[in-house]
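Okay, thanks for making time, everyone.

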Amino acid sequence: MSGLKMPAPKSEILAARDEIVAALRAIVPGEGVISDEIEMRPYESDGLTAYRQMPFVVVLPETVDQVSRVLKYCNDNEIRVVPRGAGTSLSGGALPLADGVLMSMMKFNRVLDIDFDNRSATVQPGVTNLGITRAVEHAGFYYAPDPSSQIACSIGGNIAENSGGVHCLKYGLTTNNVLGLEIVLITGEVIRLGGKHLDAEGYDFLGLLTGSEGLLGVVTEVTVRLLRAPEVVSAMLIGFPSSEDAGQCVADVIAAGIIPAGMEMMDNPAINAAEDFVHAGYPRDAEALLIVELDGPQAEVDELLGEVKALAGKNKATTIRVSSSEAERQSFWAGRKAAFPAVGRISPDYYCMDGTIPRKTLPRVLARMRELSDQYGLRVANVFHAGDGNLHPLILYDANRPGELDKAEAFGADILKLCVEVGGVLTGEHGVGVEKRDLMGEMFSEDDLKQQLRVKCAFDPNQLLNPGKVFPTLHRCAELGRMHVHKGKLPFADIPRF
Amino acid sequence: MTEAFKPVDEPGLVDCVREALAAETPLEVVGQGSKRAMGRPSQAGQLLDLSACSGIVAYEPEELVLTARAGTPVADIEALLAENGQELVFEPIDYSTLLGGDPGSGTLGGVLAANLSGPRRIRAGAARDSVLGISGVTGRGEAFKSGGRVVKNVTGYDLSRGLAGSWGTLAVLSELTFKVLPAARAVETLVFAGLDDARATALLSKAMGSTADVSGAAHLPAAASGGLKIDGIDGAATLIRLEGIAVSVAARSAHLADLLSEFGAPKKFDDAASRALWRAVRDCRPFAQGDPRVVWRLSVAPTTGPAVASALAGLPGAGHYFDWAGGLIWFAVEAGEDAHAETIRAAVAKAGGGHATLVRAAPSIRARVPVFEPQAPALAALSNRLKENFDPRGILNPGRMVAGV
């Protein structure tokens with residue numbers, strides 16, 4: 001672990017392990033509590049494998065009542081809890097704590113209700129993202145957000161991370177597609193929000209919980225919006241001599257009033273890595289490649305393909321190919337979707353970043369990234385959700401070479417700072433977790449972070465749920481609650497009054 | 001009430017909140033005051049008028065993003081967007097039709113604070129779905145920001161959404177950034193005549209589950225449809241809106257007419273007629289000001305809409321129409337003592353749940369009856385803790401949502 005500081009384990013908790021394990025077994029019987037080191041090993045990290053920590057104990061509840069009792073027990077005894085879905089987080093959101101109960105929600109794996117008339121599905125949090133679509137596709141429906149890990153990642157984890165995917169410019173993120181939640185608070189209280197109807201009654205807790213990275217509550221049920229699958233989906237592969245030309249083409253498409261279902265960009269190193277891996281027929285000599293996907297009725301797709309083609313030509317496109325079959329469309333995507341493993345083949349290790357930038361700053365960001373690449377002596381390949389500005393630079397390094405991981409992390413931090421500098425943000429869809437925690441100050445002032453912590457304090461004043469994630473420093477809620485007001489004075493005599 | 005605070009910028013706003021804190025004087029936060037007649041009547045002693053915190057800070061059509069100060073009139077923003085062929089996709093309701101006041105009034109801050117939306121809610125969400133970032137001042141007098149100016153952003157808690165629908169009770173907004181989208185190039189509305197509520201919602205459900213990408217789905221029983229004066233329609237009207245490029249709208253229109261042939265042949269309305277029609281549906285024209293009844297806004301699962309409406313049909317002066325494919329019921333009824341709150345909420349609960357908001361009623365009734373749906377104890381306690389964390393002294397719009405909070 002390279003310099004990451006986590007909250008110091010509490011010695012009294014560590015000392016009471018046998019007692020705590022017994023208490024948990026009394027709540028979750030049978031094999032639902034794992035305390036054996038070998039069996040706990042699979043839980044020691046999530047998708048951000050650079051960081052590892054053996055959990056204190058693992059619990060796999062099967063009922064809402066068990067979740068509630070475990071959380072209440074932990075709250076009463078001031079034991080930390082780390083909730084975990086499928087463990088695919090790329091930011092260390094499910095990294096265990098040495099004195100923390102790791103609560104895996106993967107036994108909550110049932111689809112509870114499918115309601116095509118109201119276009120909603122209610123599922124347990126351990127159902128995979130793709131599992132929802134699989135359960136409804138026979139009737140022509142699907143669940144829109146599609147993170148690349150959709151075959152494995154759980155919908156509960158998607159709530160925690162507000163996951164995106166390649167189609168969110170047109171269809172929104174998780175937060176735009178969730179209708180209802182059941183959550184258990186650290187006190188053990190069960191709260192239901194929303195349902196098959198729209199909009200919150202009162203404060204928008206659905207909005208606050210989505211993307212809260214397991215720090216506010218444990219999700220036990222999710223109701224999502226289903227969409228009817230479009231009649232036709234078609235993709236276009238466009239090669240450009242420079243990223244500036246590709247970027248201009250993206251801007252022109254948007255300016256023409258076209259919102260494609262997906263619009264992805266890859267740079268030359270990513271194109272070649274992907275082509276070596278899946279042989280999708282990508283143009284190897286292109287400096288930038290765009291995949292533009294259009295969906296809707298045939299007439300619409302045909303017309304918009306024509307418009308995009310014209311805009312591509314105007315921006316010096318060197319290759320333009322339109323998918324002529326579903327198989328060909330899938331092959332266009334195969335390279336993009338395999339970009340990470342493809343890069344994994346050309347380098348012993350890679351570090352995936354996740355900043356978002358205003359689209360127009362792409363050429364500037366790519367140019368600066370090339371300079372940083374030279375400076376650090378590490379290669380970088382870029383894949384980019386061009387429609388929404390979400391950039392995934394993949395930094396190539398070799399963990400077996402002393403100091404190279406640290407160098408990769410420093411390079412990554414510089415990239416994220418660059419994203420903020422050009423008007424973007426630290427993370428578009430992977431979450432803050434432990435990975436970007438210490439960079440939060442780049443984007444937020446002390447007062448900005450205080451307000452986020454106040455949400456945390458409303459949910460979990462003892463800060464037992466997933467501590468050490470998201471926030472660079474832990475403030476006690478009581479300390480945050482203090483107010484400094486000079487009573488009875490009017491110190492602001494110059495306020496305009498009318 | 002003493003003279004209003006009228007800050008012109010965020011530092012001025014911070015000063016106002018801090019002064020109110022020092023003097024322990026609760027603030028009533030208003031933009032243009034277009035929704036002062038909604039929610040619980042203010043219990044505040046001092047007006048905080050944000051209308052001078054106005055102006056568009058940045059608008060980049062090619063980035064699909066607009067930033068403006070909280071007091072900027074929505075009408076100005078919509079006009080600017082229209083010049084560039086763009087729009088606020090969530091189609092915010094103009095409450096003046098229902099509540100009185102100048103048509104088109106309301107500010108961007110109010111749009112998020114009340115989480116406004118319109119018929120396109122079913123496809124494109126509400127204000128909370130388009131907001132990207134905010135700046136504001138808490139009840140502690142602390143200025144802060146959240147979110148950013150890009151669509152994809154999961155950096156920290158989503159306070160921008162957290163403030164949606166908070167009615168100025170957690171923080172005073174000073175600046176907001178919204179995602180904007182290209183406006184549809186073509187619009188068409190299909191109108192089916194003479195269906196009862198159950199048949200109509202069955203039709204709307206079928207349309208919503210089709211590939212036609214419907215962006216508006218409403219049903220007006222005869223008593224309500226008269227208020228829209230739809231050309232050639234006399235009686236109940238079921239409306240479906242299609243938007244997009246012309247060839248696509250034409251293809252989907254033909255597809256729907258075919259798919260829904262069991263419900264009769266629809267009349268088709270073009271761009272201009274469509275826009276007027278949906279504005280009337282959005283703004284609750286059938287129960288426009290002048291109608292003496294109180295008006296409720298019920299959000300339920302779309303297929304349960306007819307059961308709720310039928311359970312309430314016996315109330316004095318009851319009238320209703322549906323938007324959101326049956327999921328939004330605009331319900332008018334004679335005021336009575338308590339606007340029939342308990343009966344209405346019981347009907348919603350019995351049909352499977354949702355929420356009921358009292359939108360228009362005399363202040364005396366809105367002070368007596370829970371205007372927003374009462375919450376279960378654990379959720380209410382959580383709401384109170386959130387309020388206490390952001391506004392421990394209760395100086396921001398106290399009692400605006402819930403009595404005593």
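Let's start with a sheet in chain A. This is a predicted model, and here we have an open sheet of four strands, in the order β1-β2-β4-β3 of chain A, with mixed pairing. Which strands stand at the edges? Those are β1 (33-34) and β3 (80-84) of chain A, and each has a single partner strand, so one side of each is left without a neighbour in the sheet.

Now look at β2 and β4 of chain A. Strand β2, residues 57-59, and strand β4, residues 100-104, run parallel and are joined by three bridges. One pairing to pick out: V59(A) has M103(A) in β4(A) as its bridge partner. And there's a helix on this sheet too. Helix α2 of chain A, residues 17-27, lies across β1 and β2 of chain A, and runs at about 5° to β2(A).

What does V59(A) touch, if we skip residues up to four places away in sequence? The list is L24(A), V28(A), G32(A), V33(A), V70(A), V101(A) and M103(A). V59(A) also turns up in the largest nonpolar core, which has 276 residues. The members that touch the most other members there are V59(A), L290(A), I395(A), A207(B), A217(B) and V308(B). As a general point, nonpolar side chains in soluble globular proteins tend to be buried together.

Okay, domains. Chain A is divided into domain 1 (1-229), domain 2 (232-340), domain 3 (347-437) and domain 4 (438-481). Take domains 2 and 3 of chain A: their C-alpha centres lie 23 Å apart. The contact uses 19 residues from domain 2 of chain A and 15 from domain 3 of chain A. On the domain 2 side, α9 (243-255), β13 (262-267), α10 (268-278) and α13 (339-346) of chain A each bring at least two residues. The biggest giver on that side is β13(A), with six residues. By class, that side of domain 2 of chain A has twelve nonpolar, three polar and four charged residues.

Next, the two chains together. How many residues of chain A are in contact with chain B? It's 86 residues of chain A, against 87 residues of chain B. Several helices of chain A supply at least two residues each, among them α11 (298-314) and α16 (440-443). The one that gives the most is α17(A), with nine residues. Sorted by class, the chain A side has 35 nonpolar, 28 polar and 23 charged residues.

Over to chain B, then. The domain assignment here gives domain 1 (49-182), domain 2 (186-282) and domain 3 (285-368). The centres of domains 1 and 2 of chain B, taken over C-alpha atoms, are separated by 29 Å. Seven residues of domain 1 of chain B meet eight residues of domain 2 of chain B. The domain 1 side of that contact in chain B has three nonpolar, one polar and three charged residues.

Last stop: V29(B), in strand β1 (residues 27-30) of chain B. Is V29(B) buried or exposed? Buried, because V29(B) has 28 C-beta neighbours inside 10 Å, and the cut-off for buried is 20 or more. Leaving out residues up to four places away in sequence, V29(B) touches L48(B), L50(B), G168(B), V172(B), L396(B) and N397(B). G168(B) is 139 residues from V29(B) along the chain, yet their C-alpha atoms are separated by 6.5 Å.

Definitions and conventions
Residues are numbered from 1 along each chain as its sequence is written. Chains are lettered from A and ligands numbered from 1 in the order in which they are written. This is a predicted model: local features need pLDDT of at least 70, side-chain atom pairs count only at pLDDT 80 or more; totals for chains, interfaces and linings use all residues. A residue is buried if 20 or more other C-beta atoms lie within 10 Å of its own, exposed if 12 or fewer, and partly exposed in between; C-beta atoms are placed from the backbone. Two residues are in contact if their C-beta atoms, placed from the backbone, lie within 7 Å. Domain bounds come from an automatic or database domain assignment. Ala, Val, Leu, Ile, Met, Phe, Trp, Tyr, Cys and Pro count as nonpolar, Asp, Glu, Lys and Arg as charged, and the others, Gly among them, as polar. Two strands pair if DSSP finds at least two bridges between them. Axes are lines fitted to C-alpha atoms, for helices over the stretch in contact, and angles run from 0 to 180 degrees between N-to-C directions. A nonpolar core is a set of buried Ala, Val, Leu, Ile, Met, Phe, Trp, Tyr and Cys residues joined through C-beta atoms within 7 Å.
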